Amino acid sequence: YVARFMTEVNPDVLSMDHYPMMTPEEDGRNKYCSNLEVMRKYALPNNIPFWNYFNTMPFGPHGDPTEAQLKWQVYTSIAYGAQGVLYFCYWTPRGHEFPKGGAIVTAEGRKTRHYDQAQRINHDLKNLGKTVMQLTSTQVVRITPDTDPEVLLQQSPIAQITRGDYLVGAFAHKDGRQAVLLNNYSFAYTAWPTVNFRVPHDQVREISKADGHEIDVIDDSPDMDGLQLSLDSGEGRLFLLPKPGQ
């Protein structure tokens, strides 16, 4: 039906909402990623951006997300090529479906803890966005603890990563360089992977969440062998590599 929608409506932007279950009883993240892949599949050949809403509030069977779960939804979306992320909800709607409240702002106008969380996330996104808006998705790789990362990453700017739970989004920059977003797929635990890029890491630049500038890649555990990158739960980090062949 998405293919039919693209043909009949010819939208300027493709947008959806999907609120993955992230509770001890149910984990709907794989389906969330499957829908992101559908959005990516139809947005790319039509040369339009895609956006998606993600969940910030408890309703029905959905729990009240942590900040890490908010970040997981955001950075996963960007890894698939999303260029817009939208909060459900900003203002808590009244009605029987949302008796708990708890959006970014309550129905009475009081800021919840999600307000400060969204402010922190948006600060980082605003700075990353200067680069993200110049990228075109080329590949998405899901790495699970029981898979061989080297095999899965054969076409990726990352050559090898220690086994773990990650999502890797690869991109082409408008200026010809390559980009890669490395996501910690876990929203409950931090990750400290050893990462080998396809170029020496002194040729790799990271996009700073503090100001959006390109900075040197810092080894987070310099006393250990290889390049260690620290990832908070649900976090993504964006890197730029030289043009292929340089």
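A: Contact means heavy atoms within 4.5 Å. Ile-78, with neighbours within four places in sequence set aside, is in contact with Leu-125, Val-132, Phe-171 and Leu-181. This is a predicted model, where local features need pLDDT of at least 70, side-chain atom pairs count only at pLDDT 80 or more, and totals for chains, interfaces and linings use all residues. Side-chain values use heavy atoms, with hydrogens and water left out, and residues are numbered from 1 along each chain as its sequence is written.

Q: Which residues touch the most other members of the largest nonpolar core?

A: Nonpolar side chains tend to be buried together in soluble globular proteins. A nonpolar core is a set of buried Ala, Val, Leu, Ile, Met, Phe, Trp, Tyr and Cys residues joined through side-chain atoms within 4.5 Å; buried means under 20% relative accessible area, exposed over 50%, partly exposed in between (1.4 Å probe, protein chains only). In the largest core, of 38 residues, they are Leu-14, Phe-50, Ile-78 and Leu-238. Helix H3 (residues 67–79) supplies its largest share, six residues. Helices (H or I, at least four residues) and strands (E, at least two) are DSSP runs, numbered from the N terminus. A second, separate core has 20 residues, including Ile-158 and Val-204.

Q: Is Thr-112 buried or exposed?

A: Thr-112 has a relative accessible area of 12%, so it counts as buried. Thr-112 sits in the loop between strand S3 (84–88) and helix H4 (113–132). Beyond four places in sequence, its contacts are Gly-102, Ala-103, Ile-104, Val-105 and Thr-106. The C-alpha atoms of Thr-112 and Gly-101 are 9.6 Å apart.
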